[in-house]
Amino acid sequence: MLVPAPRDLTAERIRAIRRVPVVVAGSILPGLPSVGVDDVAAGEKATNPLVNLGATRVAYVCRSDHDGTRGVATENRRKGYRRAMARVGLAPWEVEVPFGS
């Protein structure tokens with residue numbers, strides 16, 4: 001079974017309910033087979049082609065979660081975006097869309 005990793009999911013919780021083989025997708029959970037993403041690198045790699053083509057206004061658009069917070073992946077991708085923008089001396093332009101909009 002391939003399962004996404006909600007914020008409150010712990011390796012202990014999965015072990016307690018696990019009756020079939022599980023691979024956690026989206027996060028690395030020590031002690032369990034997991035597949036994660038380097039979201040900082042993803043944000044940077046998504047921004048680089050645009051600034052390398054000469055774009056001077058590149059927006060980072062994200063949405064808040066249902067509880068009004070930003071997810072870990074969103075924040076890490078934002079870091080990568082900011083890193084790419086800073087590398088070429090551009091000011092970040094960030095737009096957050098409320099959940100459900």
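A residue is called buried when its relative accessible area is under 20%, exposed when it is over 50%, and partly exposed in between (1.4 Å probe, protein chains only). Keep that in mind, and let's walk through the structure. This is a predicted model, where local features need pLDDT of at least 70 and side-chain atom pairs count only at pLDDT 80 or more, while totals for chains, interfaces and linings use all residues. Residues are numbered from 1 along each chain as its sequence is written, and side-chain values use heavy atoms, with hydrogens and water left out.

Start with the overall layout. The protein chain has 3 helices and 5 strands, which are DSSP runs numbered from the N terminus (helices: H or I, at least four residues; strands: E, at least two). Of the 101 residues in the protein chain, 26% are buried. Now for contacts, meaning heavy atoms within 4.5 Å. Among those between residues at least 6 apart in sequence, 45% join residues at least 24 apart.

Next, zoom in on helix α3, residues 72-87. Which residues of α3 are buried? They are Thr74, Arg78, Gly80, Tyr81, Ala84 and Met85. These cover an arc of only 160 degrees around the axis, which puts them on the same side of α3; the arc is that of the directions from the helix axis to the C-beta atoms. Here's a handy rule: an α-helix has 3.6 residues a turn, so residues three or four places apart point the same way. On the face turned away from the buried side of α3, you'll find the exposed residues Val72 and Ala86.

So what covers the buried residues of α3? The cover includes α2 (39-52), β4 (59-63) and β5 (93-97). Take Asn48, which is found in helix α2. Asn48 counts as buried because its relative accessibility is 17%, and it touches Ala84 and Arg87, leaving aside residues up to four places away in sequence. Just after α3, Gly89 takes a positive phi of about 75 degrees.

Now look at the charges. Side chains of opposite charge can pair when their charged atoms come close. A salt bridge here is a side-chain nitrogen of Lys or Arg within 4 Å of a carboxyl oxygen of Asp or Glu, and the structure holds 6 of them. One joins Glu44 and Arg83, with the closest N and O atoms 3.3 Å apart. Glu44 lies in helix α2 and Arg83 in helix α3, so this pair ties together parts that are 39 residues apart in sequence. Glu44 is buried at 16% relative accessible area, whereas Arg83 is partly exposed at 47%.

Arg78 has its own story. Arg78 is buried, with a relative accessible area of 4%. Its side chain meets that of Glu94 in a salt bridge (2.7 Å, N to O). Since Arg78 lies in helix α3 and Glu94 in strand β5, the pair ties together parts that are 16 residues apart in sequence. Arg78 also forms a salt bridge with Glu96 (4.0 Å, N to O). Salt bridges that share partners join Glu75, Arg78, Arg82, Glu94 and Glu96 into one network.
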